[in-house]
Amino acid sequence: MTRPLDHHETSDTYVGELFRAGDHRVAVCRDGIQWLFQRQRSGKKGGASKWDTLGYYTTRAALLRAWTRKFGTASAPLLALPEQIARRAE
């Protein structure tokens, strides 16, 4: 059974998640103006894990620097992102 998607950025089922690599992920913030680089907290027994945001980025280059500091190399999904986040029209 799949859990419903959630609109809370710290949720394990956050609707804005783009991709994961182990206990890290990249997501779009709920306002659609920046990418979030997040790390998953250790979950409590029987509970869903929450996510902590390590940084907020509007350009792929800045996100890539943070990612490679952590992992040493870029991931294909990260390289597929546009040069900068496309902000939603208000």
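Modeller: Strand 1 and strand 2, the latter covering residues 24-28, pair in the antiparallel sense over 4 bridges. Bear in mind throughout that this is a predicted model. Within this pairing, Arg20 stands opposite Arg25 of strand 2. Arg25 also has a bridge partner in strand 3, namely Gln38. The charged end of Arg25 sits over the ring of Trp51, at 4.2 Å from the ring centre.

Moving across the sheet, strand 2 pairs with strand 3 over 5 bridges, again in the antiparallel sense. These two strands form a hairpin, with 6 residues between them. Gly32 lies in the turn of that hairpin and has a positive phi of about 70°. Strand 3 is then joined to strand 4 by 6 bridges, and the two run antiparallel. In this last pairing, Phe37 stands opposite Gly55 of strand 4.

Put together, the 4 strands make an open sheet in the order 1-2-3-4, with antiparallel pairing. Strand 1 (17-21) and strand 4 (51-57) are the edge strands, each pairing on one side only. On average, neighbouring strands of the sheet are turned by 25° against each other, direction ignored.

Helix 1, residues 60-71, packs on this sheet. The helix touches strand 1, strand 2, strand 3 (35-40) and strand 4. Its direction makes about 20° with that of strand 3. For orientation, the protein chain has 2 helices and 4 strands, and from the N terminus on the elements run β-β-β-β-α-α.

In soluble globular proteins, nonpolar side chains tend to be buried together. Here the largest nonpolar core has 12 residues: Phe19, Val26, Trp35, Phe37, Tyr57, Ala62, Leu63, Ala66, Trp67, Leu78, Leu81 and Ile85. Strand 3 and helix 1 each supply at least two residues of this core. The largest share, 4 residues, comes from helix 1. Over the protein chain, 33% of the 90 residues count as buried. Of the contacts in the chain with a separation of 6 or more, 35% are accounted for by residues 24 or more positions apart.

A search of the whole structure finds 3 aromatic pairs. In one of them, the rings of Trp67 and Phe71 have their centres 4.6 Å apart and their planes at 40°, so this pair is tilted. Trp67 and Phe71 are separated by about one helical turn, because they are 4 residues apart in helix 1. Their accessibility can be set side by side: Trp67 is buried, with a relative accessible area of 2%, whereas Phe71 is partly exposed, with a relative accessible area of 33%. Ring pairs link Phe19, Phe37, Trp67 and Phe71 into a cluster. Phe19, Phe37 and Trp67 are also among the residues of the nonpolar core.

Two residues further along the chain complete the view. Ser75 is placed in the loop between helix 1 and helix 2 (76-79). Its relative accessibility is 16%, so Ser75 counts as buried, the cut-off being under 20%. Leaving aside neighbours within four places in sequence, Ser75 is in contact with Phe19 and Trp67. Phe19 and Trp67 are among the residues that ring pairs link into the aromatic cluster.

Ala80 is placed in the segment after helix 2. Ala80 is exposed, with a relative accessible area of 64%, which means a value over the 50% cut-off. The C-alpha atoms of Ala80 and Arg60, 20 residues apart along the chain, are separated by 9.3 Å.

Technical notes:
Residues are numbered from 1 along each chain as its sequence is written. This is a predicted model: local features need pLDDT of at least 70, side-chain atom pairs count only at pLDDT 80 or more; totals for chains, interfaces and linings use all residues. Side-chain values use heavy atoms; hydrogens and water are left out. Two strands pair if DSSP finds at least two bridges between them. Axes are lines fitted to C-alpha atoms, for helices over the stretch in contact, and angles run from 0 to 180 degrees between N-to-C directions. Contact means heavy atoms within 4.5 Å. A nonpolar core is a set of buried Ala, Val, Leu, Ile, Met, Phe, Trp, Tyr and Cys residues joined through side-chain atoms within 4.5 Å. Buried means under 20% relative accessible area, exposed over 50%, partly exposed in between (1.4 Å probe, protein chains only). Rings of Phe, Tyr and Trp (its six-membered ring) pair if their centres lie within 6.5 Å; planes under 30 degrees apart count as stacked, over 60 as edge-to-face and the rest as tilted. A charge sits over a ring if NZ of Lys or CZ of Arg is within 6 Å of the ring centre and within 35 degrees of the ring normal.
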